[in-house]
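Notebook open, structure loaded. I'm jotting down what I looked up, one item at a time.

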Amino acid sequence: MSSILTNNGAMVALQTLKSVNMDLNDTQSQISTGKRIGSAKDNAAVWAISKEMDSDIASYESVQESLGVGESTVAVALSGAEQIVETLTEMRQLAISANSENVDHGKIQNSIAKKAAQIESIIDSAEFNGANLLDAATTPQLTVLGGLDPAADTITVTSIDSATNLSTGGITAITDVGTASTALTEIETMLGNAIDAAAQLGADSNRLGDQSQFVSKLNDSLKMGVSTMTDTNMEESSARLKALQTQQQLAVQSLSIANQAPQTLMSLFR
């Protein structure tokens with residue numbers, strides 16, 4: 001039955017066109033923004049999960065910054081400790097040469113005193129961002145956040161007690177073979193302490209570096225996960241866009257044909 005009041009064909013064609021236009025707008029939005037799920041209305045469950053992961057990603061970036069500062073602080077102290085080892089090695093050589101009668105003990109002592117002052121200067125200067133890991137009196141320890149749980153994911157770096165183990169003030173002044181022998185023993189003890197300190201800082205540096213690398217990889221994995229859940233598949237969307245544009249053209253043509261159908265009724269009244 002044909003009716004001049006209700007055009008069923010046009011109604012169907014119009015609904016089809018509206019549906020195609022909605023899909024086309026969604027696809028164009030996905031392509032322009034790069035996001036398949038950009039808001040909660042697109043997919044509430046996936047959007048909520050992605051936002052939680054985004055929060056974790058931002059937190060891990062802060063953790064990486066914390067680890068970076070910690071690594072730099074330890075690196076400065078480690079460089080100082082290694083330089084102290086080299087300086088004490090030179091002092092040890094001087095003390096060994098002083099264990100002879102036919103040497104100028106005064107000049108040797110003067111050289112040792114200058115190197116001792118250099119060690120004290122290194123300890124005072126090994127500071128980064130207000131922390132000096134070669135001076136336990138000013139910085140007892142350094143606590144670095146290595147994860148999202150401050151109660152469990154912290155890395156503690158213990159400072160070196162230089163006042164006790166690396167103090168050059170207690171080295172006996174060399175004036176003869178006897179004092180040279182005593183000074184040599186004291187310097188060798190300090191050298192052992194300095195080597196232990198450098199080894200400790202080296203281990204701490206490696207631990208911070210390993211944790212930083214792990215957090216970086218973990219953060220990358222989270223970003224890839226969020227991308228998989230929410231980002232637009234550009235190849236798929238491009239193909240869908242072409243198909244929808246074709247459907248839109250056909251729907252417009254179908255609607256045009258349906259709108260012309262009532263005009264054929266005029267022939268019945270001629």
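Which residues is Ile84 in contact with, leaving aside its neighbours within four places in sequence? I find Ile119, Ile122, Ile123, Leu134, Leu166 and Ala194, taking contact as heavy atoms within 4.5 Å.

A note on the source: this is a predicted model, where local features need pLDDT of at least 70 and side-chain atom pairs count only at pLDDT 80 or more, while totals for chains, interfaces and linings use all residues. Residues are numbered from 1 along each chain as its sequence is written, and side-chain values use heavy atoms, with hydrogens and water left out.

Next I looked up the cores. A nonpolar core is a set of buried Ala, Val, Leu, Ile, Met, Phe, Trp, Tyr and Cys residues joined through side-chain atoms within 4.5 Å; buried means under 20% relative accessible area, exposed over 50%, partly exposed in between (1.4 Å probe, protein chains only). The largest one has 47 residues, and Ile84, Leu88, Met91, Leu134, Ile174 and Leu201 touch the most other members. Helix 2 (44–97) is among the elements that each supply at least two residues, and its share, 15 residues, is the largest. Helices here are DSSP runs (H or I, at least four residues), numbered from the N terminus. Another core, of six residues, lies apart and includes Ala10, Leu17, Ala251 and Ala258.

Then I checked Ser254, which sits in helix 6 (residues 234–260). Ser254 counts as partly exposed because its relative accessibility is 36%. I also note that Ser254 and Gly9 are 245 residues apart in sequence but 8.7 Å apart in space, C-alpha to C-alpha.
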